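Trainee: I should like to learn how to read the features of a structural model. May we work through one together?

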Amino acid sequence: MAEQGRRPVIVGVDGSDSSVAALRQARELADALGCPLEAVAVWNYQMVPGTFTPVLWNPAEEAGKVLRDALVRAFGDRQPAGIEVRAIHGQPARALVDAGRGARMLVLGGRGRGGISGRLLGSVSAACSAHAPCPVLIVRAGPGQEPAPPAKDSKETAMNGPVREPEAADGAAQAALREHHGQMRHRLQSLAAALARAVAAGDSVAAHDEHAVLVEWCETDLLPHTLAEEDRLYGAAAGQPEGRLLVSGLLAEHQALVALLEELRGAGGTAAAVTAGALDRVFALHLDKEDQLLLPLLAGAPGFSLPDAVEGLEALVGAAHVRRSQAGEAAGR
Ligand SMILES: [Fe+2]
Ligand SMILES: [Fe+2]
């Protein structure tokens, strides 16, 4: 218990009302558990093609100001003694998940607005719920500023496990998309590696075959996936203020993937292997962004059902998930 008592309660702060509520809740929990309390803000640059980062803008300084302001809003002149305050540079969901290692609990606001520019705390909190190595408590601002109730399908509480926001069907659809992303990632990685091996070995026949297999996979799997996303998923995300920039970035990456595929079609030998490697790396980054940012954002999109959007679409969730869904429906009849 002594070891448990030293692990901190960590609260993520972005300056939103819900993160101020999370600060108050985290303090109560830290006091009750006899744990130290740490407040963290995560900052990052978001590079947008064709723009320049203003030289006078200091995001680390802004993150520190967000933290200080939130502490004043949460506690006024009764600041908690011994609270540690940190501004962390990184991708928000990943930084908070990392911060959660060794933490007694991670406390987050449920729906971020404003605060540090361009952050997506609503989606970040959902991503942390899914991936943090410690219990996660999602707090919503509101009358009485009560913490969000546990998901209906979960018996876990904030004290013994993650409190998960998405409903079960949303969670299953997200899991299917992530699983399909993982399969695609693995497939592209192995096809690009096979082409690189054949080129390195000087085996032009094998290189020709591997090149053809890779191009065909891109045409039958990768491209249909991107088109289905643009048709079924990106619009709902772009319709939210937090998602507009994200979707424009994802669309630009789709175009980059198409351009790399075009380059790959006309390339041979070492050039083909290098292009395949670039395609693999861009795709991996793109998938990571969709898993970490897009899917949690879609889970909270008003009037949008992720399970309905992906239903029956092998290009989005893979054939195995579609077969499982159809078998489940048949069994339920
Ligand atoms: Fe995509
Ligand atoms: Fe995708």
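**Reading a predicted model**

Mentor: Let us begin with one residue: Pro80 is placed in the loop between α3 and β3 (84-89). Helices (H or I, at least four residues) and strands (E, at least two) are DSSP runs, numbered from the N terminus. This is a predicted model, in which local features need pLDDT of at least 70, side-chain atom pairs count only at pLDDT 80 or more, and totals for chains, interfaces and linings use all residues. Residues are numbered from 1 along each chain as its sequence is written, while chains are lettered from A and ligands numbered from 1 in the order in which they are written.

Trainee: What does Pro80 count as, given its C-beta neighbours inside 10 Å?

Mentor: A residue is buried if 20 or more other C-beta atoms, placed from the backbone, lie within 10 Å of its own, exposed if 12 or fewer, and partly exposed in between. Pro80 has 16 such neighbours inside 10 Å, so it counts as partly exposed. Gln183, which lies in helix α6 (residues 168-200), has 13 C-beta neighbours inside 10 Å and therefore also counts as partly exposed.

Trainee: Which residues does Pro80 touch, apart from those up to four places away in sequence?

Mentor: Two residues are in contact if their C-beta atoms, placed from the backbone, lie within 7 Å. On that basis Pro80 touches Arg27, Leu37 and Phe75. Pro80 and Leu37 are 43 residues apart along the chain, yet 8.8 Å separates their C-alpha atoms. For the protein chain, 74% of the contacts between residues at least 6 apart in sequence join residues at least 24 apart.

Trainee: How many helices and strands are there in the protein chain?

Mentor: The protein chain has 13 helices and 5 strands. Of its 333 residues, 41% are buried.

Trainee: How many bridges join β1 to β2?

Mentor: Two strands pair if DSSP finds at least two bridges between them. β1 and β2 run parallel and are joined by 4 bridges, with Val9 opposite Leu37 in β2. β1 also pairs with β4 in the parallel sense, over 3 bridges, and here Ile10 stands opposite Leu106 in β4.

Trainee: Which residues are buried on each face of β1 and of β4?

Mentor: In β1, Val9 and Val11 are buried on one side, and Ile10 and Gly12 on the other. In β4, Met105, Val107 and Gly109 are buried on one side, and Leu106 and Leu108 on the other.

Trainee: What span should α2 have at 1.5 Å a residue?

Mentor: The expected span of a helix is 1.5 Å times one less than its number of residues. The 17 residues of α2 should therefore span 24 Å, and its end C-alpha atoms are 24 Å apart, which agrees. Together, β1, α2 and β2 make a right-handed β-α-β unit; right-handed denotes that, with the strands pointing away from the viewer, the path from the first strand over the helix to the second runs clockwise. Just after α2, Gly34 takes a positive phi of about 70°.

Trainee: Which residues touch the most other members of the largest nonpolar core?

Mentor: In soluble globular proteins, nonpolar side chains tend to be buried together. A nonpolar core is a set of buried Ala, Val, Leu, Ile, Met, Phe, Trp, Tyr and Cys residues joined through C-beta atoms within 7 Å. The largest one here has 42 residues, and Val9, Leu106, Val107 and Cys128 touch the most other members. Its largest share, 7 residues, comes from α2. A second, separate core of 23 residues includes Leu246, Ala299, Ala301 and Val310.

Trainee: Why is helix α4 (residues 92-99) described as largely enclosed?

Mentor: 6 of its 8 residues are buried, so α4 is largely enclosed by the rest of the structure. Those buried are Pro92, Ala93, Ala95, Leu96, Val97 and Ala99.

Trainee: Where does pLDDT stay under 50?

Mentor: pLDDT is the predictor's confidence in each residue, from 0 to 100. The mean for the protein chain is 79, and 79% of its residues reach 70 or more. pLDDT stays under 50 over residues 112-121 and over residues 143-166. Where pLDDT is low, the predicted coordinates should not be read in detail.
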